[in-house]
Protein chains: 2
Amino acid sequence: MKLISQLSREANIPIGTIRFYEKSGLISGTTKQGVTSNNYVYYDDEVTEKLRFIKMAKAVGFTLAEIRQVIDAWYQKELTKASKMEVLNLKLEQIDTKIGELKAMKKQIARCKYNIENGLSQ
Amino acid sequence: MKLISQLSREANIPIGTIRFYEKSGLISGTTKQGVTSNNYVYYDDEVTEKLRFIKMAKAVGFTLAEIRQVIDAWYQKELTKASKMEVLNLKLEQIDTKIGELKAMKKQIARCKYNIENGLSQ
DNA sequence: CACAAGTATGAAGTATACTATATACTTGTG
DNA sequence: CACAAGTATATAGTATACTTCATACTTGTG
């Protein structure tokens with residue numbers, strides 16, 4: 001259990017962004033029961049994992065709304081087994097599509113490099 | 001050589017978005033020389049290719065600024081051979097990174113599916 | 001116990017990438 | 001030649017994802 005600054009260091013995500021994610025419902029911490037002098041929020045390792053996942057998913061073009069769906073399927077959130085599976089399977093398909101697009105881009109760029117090397121226009 | 005509505009149909013991108021891309025310097029059409037009655041803009045197949053590339057690149061999380069760099073390296077734009085190569089090689093690296101992230105996500109989701117199937121929490 | 005550093009909250013501001021609206025001109029068809 | 005459909009331009013509005021700012025309270029250290 002860690003406070004936000006430590007979480008920020010571990011996940012390498014700014015505190016402001018973490019707070020934004022929490023407001024957006026992607027992650028959530030807990031206040032320590034019995035403590036009344038403050039309302040500091042504590043986060044466990046599950047949150048760190050979620051943040052790492054969010055970072056990867058964002059890097060490959062998923063929106064926070066899409067990411068949230070996966071996280072909800074992942075970590076319970078009163079959904080049926082079937083609907084969780086649906087979300088995850090759709091996401092797997094989208095991932096394969098993206099991998100295909102990336103491979104197509106690689107080919108195009110390789111061809112482009114070849115043309116430049118050999119002084120061919122276009 | 002086609003007008004914007006045909007280009008929009010071919011690339012499956014809204015006219016407004018194409019105009020936005022043109023203003024942003026990602027693509028450019030040409031006015032027909034000799035024609036003075038209008039300022040209709042014509043686009044060739046190179047533009048269609050560029051739009052398809054933009055679409056793929058956006059789908060995997062590249063920004064328009066990044067995409068523009070690649071397009072500029074691709075289609076001349078007074079850059080040295082060396083600087084074009086630098087841009088393209090960097091992009092290839094980023095593509096490989098993204099592929100790696102997508103594969104990591106696949107593994108995580110597969111594990112998650114397994115856990116749900118077997119009624120294991122987390 | 002002063003005080004720097006950490007934490008919480010709300011509101012406003014910014015960047016990116018569109019999307020819509022209004023206006024005006026042009027072209028093709030009956 | 002009326003008129004629907006297409007085109008150009010500028011401006012404003014929207015959605016997403018932050019980022020900054022102001023304020024206020026809490027905690028740990030010398």
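A residue is called buried under 20% relative accessible area, exposed over 50% and partly exposed in between (1.4 Å probe, protein chains only). This is a predicted model, in which local features need pLDDT of at least 70, side-chain atom pairs count only at pLDDT 80 or more, and totals for chains, interfaces and linings use all residues. Residues are numbered from 1 along each chain as its sequence is written, chains are lettered from A and ligands numbered from 1 in the order in which they are written, and side-chain values use heavy atoms, without hydrogens and water.

**Exercise 1.** Determine whether Tyr21(B) is buried or exposed.

Solution. The relative accessible area of Tyr21(B) is 6%, so this residue is buried. Phe20(B), at 44%, is partly exposed.

**Exercise 2.** Classify the aromatic pairs of Phe20(B) with Tyr21(B) and of Trp74(B) with Tyr75(B).

Solution. Rings of Phe, Tyr and Trp (its six-membered ring) pair if their centres lie within 6.5 Å; planes under 30 degrees apart are stacked, over 60 edge-to-face and the rest tilted. Six such pairs occur over all chains. For Phe20(B) and Tyr21(B), the centres are 6.1 Å apart and the planes form 50 degrees, a tilted pair. For Trp74(B) and Tyr75(B), 5.8 Å and 10 degrees give a stacked pair. Trp74(B) is buried at 7%, and Tyr75(B) is buried at 10%.
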